[in-house]
Amino acid sequence: MVRQKSRWLLVRLDFEDISQTTRPPSASPLHLTATDIYRALLDSIRQNYGLVAGASSELKVLLYDSEHRLAIVKTSRDHYPTVRTSLTFLTQIKQGGDAVKVAAATLSVCGSSRTARNAACAELQKTFVNSQRPLNDGESPKRRKTIEKGLNDLEQRMKHVDSCV
């Protein structure tokens, strides 16, 4: 019996500035889900490689973190190049009647779920560290509370990544 070998892709989605779009300001902000990303990626595969590639891609979007715009995509080892190039060609994601322009960047390609989880956690930590300025001894208690809240949020996101992958 042959074992199915997979690849996990850590992907960052960068969206167009919402203020530049034609959406009315009263419209609710776009909240994408893993299903929306899956459908857009499958459409991109079908558009660029045809129906057969779309049907045989064995694609799953395991996780999408909307705050940090990170997604973990699982595919078979044989179809990984097709999925990665289709991510490059992905230009928009539709949700209902709205479509938002997007640029997808593959941050990491992993051979196991453990290394994908570690790569996602490292990216979340790097994003958190880059968003915080150093804490000095004379800082206000309010700033300390803000940093503690951010660290707790980071810990919850990392647990969510552990449970999904």
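Predicted model: local features only at pLDDT ≥ 70, side-chain atom pairs only at ≥ 80, totals over all residues.
1. **Sheet order.** The sheet is open and has five strands. Their order is β2-β3-β1-β5-β4, with antiparallel pairing. Strands of a sheet pair through backbone hydrogen bonds.

2. Which strands stand at the edges? They are β2 (60-65) and β4 (92-95). Each has a single partner strand, so one side of each lacks a neighbour in the sheet. From one strand to the next, the twist averages 35 degrees.

3. Strand β4 pairs with β5 (residues 98-110). The sense is antiparallel, over four bridges. Gln95 stands opposite Asp98 in β5.

4. **Helix α1.** This helix spans residues 34-49 and packs on the sheet. It touches β1 (6-15), β2, β3 (70-76) and β4. The direction of α1 makes about 125 degrees with that of β4.

5. **Helix α4.** Residues 113-131 form α4, which also packs on the sheet. Its contacts are with β1, β2, β3 and β5. The direction of α4 makes about 25 degrees with that of β1.

6. **Around Val61.** Leaving out residues up to four places away in sequence, Val61 touches Ala34, Ile37, Tyr38, Ile72 and Val73. Val61 and Trp8 are 53 residues apart along the chain. Their C-alpha atoms are separated by 9.5 Å.

How values were computed: Residues numbered from 1 in each chain as written. Heavy atoms only, no water. Pairing = 2+ DSSP bridges. Helix = DSSP H or I, 4+ residues; strand = E, 2+ residues; numbered from the N terminus. Axes fitted to C-alpha atoms, helices over the stretch in contact; angles between N-to-C directions. Contact = heavy atoms within 4.5 Å.
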